[in-house]
Amino acid sequence: MNARDYFGAVIPIVTLCCATTSYAQAAEVQASLPGGDTPKGESDVSGSAASLADIVVTAQKRSERLSDVPMSITASSAEQLKDAGVTSTDDLGKLVPGFTFLQGNYGLPVYFIRGIGFSDTTLGVSPAVTVYVDQTPLPFSPMSRGATLDLERVEVLKGPQGTLFGQNSTGGAINYIAAKPTDHLAAGFDLSVGRFNQVDAEGFISGPVTDTLKVRVAVRREYRGDWQKDYVNGNTIGEKNFLNGRAIIDWEPSTAVKLSFSATGWRDKSDVQQEQFQLFRGQNPSDPNPRPVPFPISTYPKAPDNARAASWDPGFDFSKNDSFYQFAVRADVDLSDRVQLTNIASYARFETHIPLDLDGTIYPAARNSTDGTIKSFSEELRLAGSLSSGLRWMVGGNYQKDKVDESIRLNPQIATEVKIGPFFYNDFIATNFQNIETKSGFGSLDFDLTDRLTLQGSLRYSGQDRTFRGCTRDGGAGDLAAAVSFLSSLITGQQQTIAPGACVTLSDQTGLAVPIVNDKLNQNSLSWRGSANYKFNDHALVYANITKGYKSGSFPTLPAAAVSQLAPVKQESVLAYEVGTKVEIFDRKLELTAAAFYYDYRKKQLVGTRAVFPFGFLPGLVSIPKSKVEGLELGFRAAPFRGLTIDGGGTYLQTRVLSDPVNPTGPFGSQGSFIGNSFPFTPKWQGVVNATYRFALSSHIDAFLGASATSRTKTTAALFNGDATIAPLEKLLVISGYTLVDLRAGVETADGSLRFELWGRNVTNKYYATNANRISDYVYRFAGMPATYGATLRYRFGQ
């Protein structure tokens with residue numbers, strides 16, 4: 001199916017919806033301000049009629065009704081996030097069709113929207129989906145863990161967002177809106193208890209200090225006991241230990257000047273999730289002198305299809321030690337009635353230590369630990385204004401400086417490829433230090449050509465300078481250094497002695513080990529967006545967008561035998577075409593959205609293979625020259641009668657590789673074409689639906705019942721090349737589709753001050769996998785959470 005077919009599919013929906021709105025002219029739009037809108041999908045139980053409340057978003061860096069913004073956005077209120085049990089960005093798939101999360105090979109989070117994402121092992125890799133809090137960037141995905149604290153709402157913007165939100169949002173952008181200080185005293189808490197000894201506590205206090213100064217402080221503690229159980233020896237693991245806090249100070253020294261200061265920090269000492277063993281498969285089965293295997297790994301039992309089942313090295317500490325803090329300041333100055341100056345500056349620091357068991361057995365066969373630090377400074381300055389002629393404009397600039405220091409230590413004691421000639425080695429360290437400096441300028445124009453037709457255009461020019469320093473080092477014992485010294489002498493004919501702990505990466509030109517690999521990648525890009533939208537009336541909008549966005553290139557963190565393995569991958573781009581509609585009908589009891597889109601995807605980045613003499617094919621970053629994404633998206637919100645609200649949506653995606661990268665190599669080493677393959681971690685169908693029914697028990701007490709379901713079809717964890725000889729192995733990297741059901745019920749005071757809720761998540765105890773990996777000689781998968789259930793008590797004062 002081509003792009004014309006997808007765009008044509010949405011036209012009947014547009015025509016029907018726009019015609020139907022002629023029956024809804026009596027409904028008046030009552031726009032709400034941020035922070036004061038009724039939670040998405042909720043209606044007043046005591047009112048005489050049901051209707052949908054407005055949702056206000058800031059997707060275009062100004063406050064607008066969601067139904068008036070000409071792009072695909074999923075917006076969810078704080079209430080919805082809590083109902084769904086969303087405590088981190090990883091969980092947004094419960095509410096956002098087209099969103100996918102996976103835990104990467106070395107424990108780092110990766111986010112996809114509509115099939116656009118980049119699964120890499122590197123701490124400092126630039127994502128394809130970037131997270132923001134109040135438009136302040138969290139430029140690297142691991143920083144986003146605590147962003148869901150004390151929110152007003154979240155806005156998930158789909159498609160390239162590079163003109164206003166910058167590079168590295170080719171898949172989309174996620175903007176969390178924090179709850180703001182109030183002009184009166186307010187406070188509240190949420191206390192949840194649940195299965196596996198879960199105890200989550202969150203509280204806030206907010207109010208004025210003086211006539212011009214307001215403060216809000218929020219903290220959250222998440223605790224859960226062990227939830228995984230070793231199916232071999234009965235040990236348990238899986239404790240959660242997470243602490244999060246945020247303080248916001250709003251100061252208005254005058255009616256024309258507003259300042260907001262925020263400080264955010266979190267600490268995560270939870271156990272890492274353990275994988276489920278699937279297969280041990282040596283990479284060199286024809287080696288006449290294979291490495292002796294002291295453990296019976298080849299006959300280790302495969303993990304059962306049970307979410308709790310896993311296996312790991314007993315007695316080893318697998319708790320992570322991650323921490324993050326960020327300081328930000330925002331200044332808004334009204335230069336005149338029509339011109340506003342905004343400046344947003346922030347500094348963030350993230351540190352991580354993630355230990356992993358890479359073999360999924362009780363034997364000390366393969367372990368890994370990632371240690372690193374990220375420091376990030378950013379500042380954005382912009383001017384925005386409007387003219388009486390219906391022209392709205394914005395112009396600004398952005399500067400960002402990032403420093404990433406990372407080391408990954410691998411200890412593959414049992415792996416068939418850790419051998420050079422007669423020399424075996426046990427561990428090594430891959431290091432990656434990057435300095436990244438990005439400068440950009442942007443601007444946008446919106447012009448009301450008529451009362452109903454609006455044209456929009458925006459662009460951003462970015463220049464990025466990225467330097468790299470790193471290599472693969474001997475682990476300190478000297479065994480790898482001795483092995484590489486032997487290899488170097490065979491290649492060069494001269495003896496080279498490499499000291500223990502030194503770099504062992506060889507020059508492709510000389511065959512000698514280099515002291516360090518130094519490289520740089522300087523690139524620039526011009527992102528742009530053009531849009532036309534037409535409003536039939538206050539309740540019906542149609543739009544068409546064309547957008548070009550870029551994701552910056554990067555350097556890998558890999559066990560590099562040769563310098564060429566550490567070569568960077570250049571920036572990728574997405575040219576996106578989208579048409580859509582947003583309508584409100586039946587006296588605002590029903591809101592429908594529909595979109596059809598086509599992405600021309602160039603230089604898609606992935607971890608693949610490079611031909612490295614004399615080693616053959618080794619891991620490296622490569623680009624797929626051309627691929628595409630076609631899709632349809634539908635969404636709805638409904639309040640069919642007083643007390644009942646239903647909302648949901650679905651996404652259909654068809655992704656295809658159209659041309660091959662250099663040396664297309666499958667996950668089990670086979671050579672062949674990728675053309676025609678779908679992207680990994682991209683289900684063809686995804687859908688979510690949520691329903692809540694509220695009814696009065698008395699004049700002071702309401703009751704509610706709720707149910708949610710999320711569903712997706714199967715996908716894969718890697719690109720395959722169709723070699724029939726490895727098809728049975730490839731099935732281990734297929735992630736089956738699944739449907740999850742959540743339930744909730746409770747009571748609440750009519751004023752919303754006190755609420756008690758019973759909840760259950762994945763109530764059918766459905767077994768499902770979230771990722772599958774092949775690293776070295778081991779194939780394993782990660783399971784989703786089993787059934788959980790519990791209760792939540794919520795109290796609000798002064799809301």
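1. In the hairpin of β21 and β22, Gly390 takes a positive phi near 95°, and four residues lie between the strands. Strands here are DSSP runs of E with at least two residues, numbered from the N terminus, and two strands pair if DSSP finds at least two bridges between them.

2. This is a predicted model, in which local features need pLDDT of at least 70 and side-chain atom pairs count only at pLDDT 80 or more, while totals for chains, interfaces and linings use all residues. Residues are numbered from 1 along each chain as its sequence is written, and side-chain values use heavy atoms, with hydrogens and water left out.

3. Strand β21 (residues 366–386) pairs antiparallel with β22 (residues 391–412) over 21 bridges, and Ile374 stands opposite Val404 in β22. On β20 (residues 339–357), which is joined to β21 by 19 antiparallel bridges, Tyr347 stands opposite Phe377 in β21.

4. Leaving aside neighbours within four places in sequence, Met143 is in contact (heavy atoms within 4.5 Å) with residues including Trp266, Phe350 and Ile374.

5. Among the salt bridges (a side-chain nitrogen of Lys or Arg within 4 Å of a carboxyl oxygen of Asp or Glu), one joins Lys158 to Glu633, with the closest N and O atoms 3.1 Å apart. Lys158 lies in β8 and Glu633 in β31 (residues 616–641), so the pair ties together parts 475 residues apart in sequence. Buried means under 20% relative accessible area, exposed over 50%, and partly exposed in between (1.4 Å probe, protein chains only); Lys158, at 3% relative accessibility, therefore counts as buried, as does Glu633 at 8%.
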